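Here are some notes to read alongside the model, one point at a time. Keep the viewer open and look up each residue as you go.

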Amino acid sequence: MKKQVLSYWLKDSQKKTYPRLESNINVDVLIVGGGITGLLCAYQLAKLDKYRIALVEKNQLYHSTTGYTTGKATLQHDDIYHQLLKNKGETIARAYYLANSEAVLGLKKIATEENIDCDWVDTKAVLYAFNQEELKRLQKEQSAYDTLGIPYEWLDKDNIPFPTLGGLAIPNQGVFHVVKFLDGIVSKLNIDIYEKTKIIKTKPSEKGAVAETVDHYKIHAKHIIIATHYPIYKRFNFYFMKIKPVCSYIAIANEFAIPSDNAYINLIEPVLSIRFLDSAMPKLMVAGFGHDVKNYYSYREQIHRLKTMATGKLQAKDFFEEWYNQDYETMDMIPLIGKAADGPLYIATGYRKWGISSSFVASQIIKDQIQGVNNQYAYLFDPCRSKNAFKTICYNFAMFSTVIKTKLLTVPKSIKIKPGTGRIIQHKMRKIGIYIDQNGKTYSEKPICTHLGCTLRFNNVTKTYECPCHGSRFNYDGTCLDGPAVRNLTKL
Ligand SMILES: Cc1cc2nc3c(=O)[nH]c(=O)nc-3n(C[C@H](O)[C@H](O)[C@H](O)COP(=O)(O)OP(=O)(O)OC[C@H]3O[C@@H](n4cnc5c(N)ncnc54)[C@H](O)[C@@H]3O)c2cc1C
Ligand code: FES
């Protein structure tokens, strides 16, 4: 695969490269996907020292969603607790809190016990309000914290170093360098790892389950963990109707005018999520301006708006990094984690941009399920739960208009494309996706999603094609990166 635009985190990576799988193999546990979910599952299972484990990754370890995160480890997932109390009741809201609280502690414990230098900093996670509507939601969340016994501190506006109406702070949360953390985890793992090994099929078999690589090698396993972000469970599955892709933008600045202490986030778009990195030479990371991927915002304009807001509120200057990232969310806000309906196959997805703690929860649940041990939180995340049908139907109904919109969208007939940028243009009766690299080499792809045929958009922030329908993403050379699509784009 051609080079992706690397994030600040990935530029620091010390990870080795791993071979492609070139034979059939038999293992106890196969993990598909080398993001934080796959690697935490590998770590937890390897610690038991009783399974032969292999992990296969279609590109490079943690070069997908995980390598482009903000890296906050917190149980404060926006204002989820009052919504869970209202929609699911106290038992489920409390279980969600406890599972994520244990996850934050668990991540820190791994970093400490394994001596991984991942710039972990204990912080307060602060949910703040810019306006009255957010303040009302914050007050509801505060009352949920009281009900559930979540420790917090109310911060008046004078205790927040930029203009707000106040905030709810949870102590003892963390921010860290996720790539250094995973570099550390990988260096401790004694398992077989294969990169550039794409799985095209997973299914139950007589002895457990079997996966097939794109080169038609078979991996027989007693258990298969599908940690592929979008679950590639079965050749054609309907998860794209149960999880929706959402995105956000990230930028990093060298200069800013507030103390580099807590991690902050507000509730309603435009969201300005804030954290700091590099304590020796502090930098400000801001994230936000997120939206459903089906909405046609300009990627460049969203990044520009994010930076302008950070400059206005925090006097941020000298931005030197920016990127765009996507995650999936479920209709009831709770991730899908655990054993799938048939066979020893396990999935973990739908983290709603809170995948750092959720991936740890996933690794605990799946480890227990593989061992046949009861996990007290498994019922909450059960991927087979079938409630929220109404929301699911509404979401998928609305998707029809997106599909049609992608087909009707007009694109320029011819346009000058600068090196390092891409566009979709109309040539005679067909659309062509063109990217010209810095050396002047041209890449031409058919900009039609290989999942269900929606027309793609070109994202000049990340040099990728994006599908507004269910979130499939392709590198500028057509390589499939993420989402329900399995095949690369057709070359033109
Ligand atoms: C802008 C943004 C900011 C975020 N910030 C935070 C934050 O501060 N805190 C937080 O808790 N969460 C955050 N998140 C969410 C978090 O980053 C993700 O939920 C998490 O990284 C998902 O990890 P994963 O391992 O499940 O998926 P991924 O990192 O996407 O890993 C899946 C891997 O599977 C591989 N794969 C896919 N298909 C195949 C196949 N067929 N064969 C083999 N391999 C395959 C992929 O190449 C990939 O490497 C953020 C998300 C976004 C979008
Ligand atoms: S992801 Fe479904 S059509 Fe593109």
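1. Which backbone atom lies 2.7 Å from an oxygen atom of ligand 1? Look at I356: a backbone N or O atom of this residue sits at that distance from the ligand oxygen. The protein covers 98% of the 1000 Å² of accessible area that ligand 1 has on its own. Please keep in mind throughout that this is a predicted model.

2. Let's stay with the ligand. Its surroundings consist of 34 residues, and the closest are E57, T65, T66, D327 and I356. From T65, a polar side-chain atom lies 2.6 Å from an oxygen atom of ligand 1. K72 takes part through its backbone: an N or O atom there is 2.8 Å from a nitrogen atom of ligand 1.

3. Where along the chain does the shell come from? At least two shell residues are supplied by each of helix 2 (36–48), strand 11 (243–255), strand 15 (317–330) and helix 8 (355–371).

4. Now find the cis peptide bond, which joins E269 and P270 with omega at about 5°.

5. E269 deserves a point of its own. With a relative accessibility of 37%, E269 counts as partly exposed, because that value falls between the 20% and 50% limits. A polar atom of its side chain lies 2.7 Å from the backbone nitrogen of V271. The side chain of E269 also reaches the backbone nitrogen of G290, at 3.1 Å. In sequence E269 and G290 are 21 residues apart, while their C-alpha atoms are 7.1 Å apart in space. Not counting residues up to four places away in sequence, E269 touches G288, F289 and G290.

6. Most residues other than glycine have a negative phi. D119, however, has a positive phi near 55°, and D278 has a positive phi of about 60°. D119 is in the loop between helix 4 (90–113) and strand 4 (121–128), whereas D278 is in the loop between strand 13 and strand 14 (283–292). How accessible is D119? At 32% relative accessibility, D119 is partly exposed. D278 is partly exposed too, with a relative accessible area of 26%.

7. Next, see how two helices pack. Helix 3 (residues 80–88) and helix 4 meet at an angle of about 150°, and their axes are 7 Å apart. On the helix 3 side the contact is made by I80, Y81, L84, L85 and K88, and on the helix 4 side by E90, I92, A93, Y96 and Y97. The residues of this contact divide into eight nonpolar, no polar and two charged.

8. Is helix 6 mostly covered or mostly open? Helix 6 (residues 178–188) is mostly covered, with eight of its eleven residues buried. Those buried residues are V178, V179, F181, L182, D183, G184, I185 and V186. The cover over them includes helix 1 (8–11), helix 2, helix 4, strand 7 (192–194) and helix 8.

9. Turn to E322, a residue of strand 15. Which side chains does the side chain of E322 meet in polar contacts? One is the side chain of R300, at 2.8 Å, and another is the side chain of K307, at 2.5 Å. Leaving aside neighbours within four places in sequence, E322 is in contact with I250, A251, R300, I303, K307 and V461.

10. Finally, look at L284 in strand 14. Is L284 buried or exposed? L284 counts as buried because its relative accessibility is 0%, which is under 20%. Apart from neighbours within four places in sequence, L284 is in contact with A251, I252, A253, F256, I274, R275, F276, L314 and A316. Its C-alpha atom is separated by 27 Å from that of E141, 143 residues away along the chain.

Note on methods:
Residues numbered from 1 in each chain as written. Chains lettered and ligands numbered in written order. Predicted model: local features only at pLDDT ≥ 70, side-chain atom pairs only at ≥ 80, totals over all residues. Heavy atoms only, no water. Near = heavy atom within 4 Å. Polar contact = N/O pair within 3.5 Å; in protein donor to acceptor, adjacent residues only side chain to side chain. Areas by Shrake-Rupley, 256 points an atom, 1.4 Å probe, with all protein chains shown as cover. Helix = DSSP H or I, 4+ residues; strand = E, 2+ residues; numbered from the N terminus. Buried < 20%, exposed > 50% of the residue type's maximum accessible area, 1.4 Å probe, protein only. Axes fitted to C-alpha atoms, helices over the stretch in contact; angles between N-to-C directions. Contact = heavy atoms within 4.5 Å. Nonpolar A, V, L, I, M, F, W, Y, C, P; charged D, E, K, R; others polar.
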